[in-house]
Every structure is written in structure tokens, then in C-alpha cells.
Amino acid sequence: MWQWLTLLFALLPCALVQLSLVFIHRDVSRDRPLVLLLHLLQLGPLVRCVEVFYIYFRAGRVEEPYVSITKKRQMPKDGYSEEIEKEVGQAEGKLCTHRSAFSRASVIQAFLGSAPQLTLQLYICVLQQEITAARSIFMVLSLLSIVYGALRCNILAIKIKYDDYDVSVKPAAYLCIFMWRSFEIATRVTVLVLFSSVLQIWTLPVVLVNFFGFFFYPWILFWQSKSPFPENIEKALSRVGTTIVLCLLTFLYAGINMFCWSAVQVKLNDPDLINKSQNWYRLTVYYMLRFIENAFLLLMWYIYKTDIYLYVCAPLLVLQLLIGYCMAVLFMLVFYQFCHPCKKLFSSSISEGLLSCFKFLCFICKPPKSTVLTDKAEVKSSENTDEAWSSSKTIDSQKGNPHQSVSSNA
């Protein structure tokens with residue numbers, strides 16, 4: 001079973017990568033049978049690399065018949081932003097298409113292939129209580145593939161959201177993203193493996209709730225918006241083909257959010273299918289719920305751990321995993337606060353956004369003011385009633401004993 005799962009997690013993402021490359025380059029509508037055959041033989045990426053090098057080395061030797069002009073705005077300096085026009089030739093346009101196609105393919109390979117593969121191999125190591133050299137190399141390569149895919153996902157999100165600007169990512173930003181994604185993905189995979197090793201029956205419900213929750217979330221928002229069905233994804237596609245493409249997109253979105261925060265938020269009622277607004281509330285809620293979920297799964301593992309963890313210091317391991325996830329959140333905050341290439345375009349910084357989120361959560365948890373005022377009014381009215389009752393008793397007693405009242409007056 002482990003061998004078949006290993007082969008499945010290796011071949012399925014490869015097939016999806018081939019399909020994505022064919023779809024992006026529109027090879028189906030062209031008369032390119034050799035390229036389609038090579039894609040079926042799992043040689044599509046290799047052919048694309050050869051084509052990229054051929055275009056790159058021939059660029060500039062022959063004058064191109066026409067060029068397109070793109071306009072990009074620079075990052076604002078002292079409140080001013082200049083607009084720069086740039087000529088883009090056919091060769092450069094083809095290279096950009098190949099680059100975007102490989103970026104999307106790396107994301108698919110990372111979260112639909114390498115992430116399940118890493119989880120499976122670590123699970124096998126835990127059950128067999130040994131880590132072989134081949135399996136350790138395999139797991140390291142899978143982890144690097146996931147981190148690279150998450151990094152590419154972040155860069156794609158930045159370039160899609162700020163398409164009008166000339167975005168340049170600095171090495172410090174790459175380092176923060178790498179550390180952020182490494183801690184987040186490593187701790188998430190370890191928590192899932194520990195939980196599944198002691199409670200195999202409950203692993204499937206946890207995975208299905210996570211996956212289908214993120215899968216149906218964009219569709220629920222789309223149905224609530226009552227927007228028309230998107231028809232402008234690809235002119236050659238029918239309504240059924242468009243639905244299949246959207247389902248595959250939400251499938252990938254759910255696969256990413258299973259292991260880490262998806263920087264690209266799917267929005268089906270948008271023409272670009274991407275939510276370009278910076279939503280700090282959704283980011284805060286995701287990491288709070290994910291931290292609670294990881295803590296709960298670790299607690300279940302600690303309660304039901306078996307004899308294979310006899311020589312493992314369980315409290316120390318739980319503490320290390322929780323600290324590792326907090327380190328991921330810390331590097332994320334550093335990235336958005338100091339290293340984000342478009343931080344000058346934020347309407348509010350990450351610190352202000354988190355502060356407003358916490359105020360909002362505290363406001364929800366706080367009891368309503370009307371209830372407090374009602375309670376105070378009831379207490380005050382009861383006190384007034386007690387005072388009136390005591391005064392009436394005094395008057396009655398005075399009426400019953402007039403000598404006492406005269407002596408008291410005296």
C-alpha cells in the first residue's frame with residue numbers, strides 16, 4: 001500500500017503539471033501533435049526548457065515586426081509615482097508566458113505531489129521507527145519543493161495584486177518567506193503525522209473537513225454574491241469546461257490551505273478570479289484557527305500516544321512544534337511589516353490590521369452594553385425597593401407606638 005501511494009503521489013502531480021502546461025500554452029487548439037505526444041510521455045517540461053533556451057539565444061538577432069507597449073508605475077517615493085513605458089517584443093512575451101507557466105506548475109507540483117509525499121514518507125518513518133538515507137533525502141527534497149512552491153505562490157500573489165506597478169523583490173523578502181514557509185509547513189506536516197500515527201480512524205474526518213471546507217468556501221462566497229457565472233476565462237471553453245477549470249482551481253486552493261496559508265485568495269466573481277484586496281481579518285482568523293487545531297491534534301496525540309513514542313519526550317516535542325509554528329507567524333509578520341515590496345501601497349500596516357482584528361474579537365467576546373445597563377438598573381431598582389420597604393416599616397412602627405415617636409422627637 002505504501003508503495004502504491006508513493007507512486008500515486010509521484011505520478012498524479014506530474015500528469016496535472018503536463019495538463020496545466022498544455023492548457024496555458026493552448027497546445028490543444030494548435031496543430032502540435034509532437035508536443036502533445038511528449039506531454040503524454042511526461043517530457044513536456046523538458047521540451048519547454050529547450051524551447052525557452054532557443055528563444056532566449058535567438059532574441060535580439062532578428063528585428064521583430066511589431067512590439068507591444070506596457071505601462072508600469074514605480075513604487076511611490078515622497079508621495080509621487082512615475083509611470084514608465086516599456087516595449088515588449090514577441091520573444092520577451094513568450095519567455096514571460098513560459099515563466100508564468102512554470103511558476104504555476106511548481107505550485108501544483110508542490111502541494112498536490114510533494115506535500116502528500118512528505119506526509120506519507122514521514123508517516124512510514126514513524127511507524128518503522130527508522131529513517132533511511134534514501135528516505136531522508138526524499139523527504140528533504142519534498143520539503144524544499146513545497147517551500148519553493150509556497151514562495152512562488154507568494155510572489156505570484158504580489159504580482160497579480162499589484163499588476164500596475166513595477167515590483168522588485170529584495171533578497172531579505174525571499175529569506176523571510178523561506179523561513180516563514182519552512183517553519184509553517186514542517187510543523188503542520190509533523191502534527192498531521194503524529195496525530196495519524198495514533199488515531200488512524202479520525203485522520204480521514206480531519207483531512208476531509210479541512211479539504212472540503214476550503215474547497216467549498218470560494219463557491220459559497222460566489223453563490224452569496226449572486227454574480228453571473230464567469231464566461232471570460234477562455235473563449236474556446238464551453239460552460240462545462242469552464243466549470244471543470246474552476247473546480248480544479250478551487251481544488252488546488254484547498255490543497256494549499258491544507259498545509260499553509262494561501263497567499264492567492266480565490267474570488268470566483270472577479271474577472272481575474274483573484275481577490276486583490278489585502279484582508280488582514282481573514283489572515284488573522286486563519287492562523288488563530290490553525291494554531292488551535294494544531295494544539296488540539298497534539299493534545300490528542302499526547303493522550304493516546306502508543307509505545308513507539310516510549311523514548312520520546314512528549315511535552316518537549318509538543319512545545320517545540322508550537323514554538324515552531326509561532327516562529328512561522330513571527331517571520332510572516334516581519335515580512336509584511338518590513339520586507340514586503342509593496343508595503344507603501346498598504347492602506348494599513350500589518351500591526352494596525354492585527355490591532356483592529358484583536359479589538360474586533362474583544363468586542364465580540366465582550367457582553368453587550370445594554371445587558372450591563374439592564375443589570376445595573378435592576379440592581380438599583382431592587383435597592384430602591386428595599387429602601388422604600390424599610391422606610392415604610394419604620395413609618396408603620398411609629399404609627400403603632402406614638403410615645404416612642406414623641407420621645408424620639410424630643
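Author: Let us begin with contact, which here means heavy atoms within 4.5 Å of one another. Please keep in mind throughout that this is a predicted model.

Reader: How should I classify serine 196, as buried or exposed?

Author: The general idea is that a residue is called buried under 20% relative accessible area and exposed over 50%, with partly exposed in between. Serine 196 has 9% relative accessibility, and therefore counts as buried.

Reader: Where is tryptophan 2 found, and what does it contact beyond its neighbours within four places in sequence?

Author: Tryptophan 2 is found in helix 1, residues 2-24, and, leaving those neighbours aside, it is in contact with Leu120, Tyr123, Ile124, Leu127 and Gln128. The C-alpha atoms of tryptophan 2 and glutamine 121 are separated by 8.7 Å, although the two residues are 119 residues apart along the chain. Tryptophan 2 counts as partly exposed because its relative accessibility is 29%.

Reader: Turning to the surface, which residues form the nonpolar patch?

Author: A patch of this sort joins nonpolar side chains within 5 Å, taken from residues with over 30% relative accessible area. Here Leu34, Leu37, Leu40, Leu41, Leu43, Leu46 and Val50 form the patch, with about 720 Å² of accessible area together. The elements that give two or more residues to it are helix 2 (33-40) and helix 3 (44-58), and the largest share, three residues, comes from helix 2. Leucine 41 lies in the loop between helix 2 and helix 3, and it is called exposed because its relative accessible area is 52%.

Reader: Which residues does the UniProt annotation "transmembrane region" cover?

Author: That annotation, from an unreviewed entry, covers residues 6-24, 133-151, 201-222, 243-264, 284-304 and 316-338. In the model, residues 133-151 are 100% helix and 0% strand, with end C-alpha atoms 27 Å apart. The span 201-222 is likewise 100% helix and 0% strand, and its end C-alpha atoms lie 34 Å apart.

Definitions and conventions:
Residues numbered from 1 in each chain as written. Predicted model: local features only at pLDDT ≥ 70, side-chain atom pairs only at ≥ 80, totals over all residues. Heavy atoms only, no water. Patch = residues over 30% accessible without salt bridge, like charges linked within 9 Å, V, L, I, M, F, W, Y side chains within 5 Å. Areas by Shrake-Rupley, 256 points an atom, 1.4 Å probe, with all protein chains shown as cover. Salt bridge = Lys/Arg side-chain N within 4 Å of Asp/Glu carboxyl O. Helix = DSSP H or I, 4+ residues; strand = E, 2+ residues; numbered from the N terminus. Buried < 20%, exposed > 50% of the residue type's maximum accessible area, 1.4 Å probe, protein only. UniProt positions renumbered as here; feature names shortened; annotations may be inferred.
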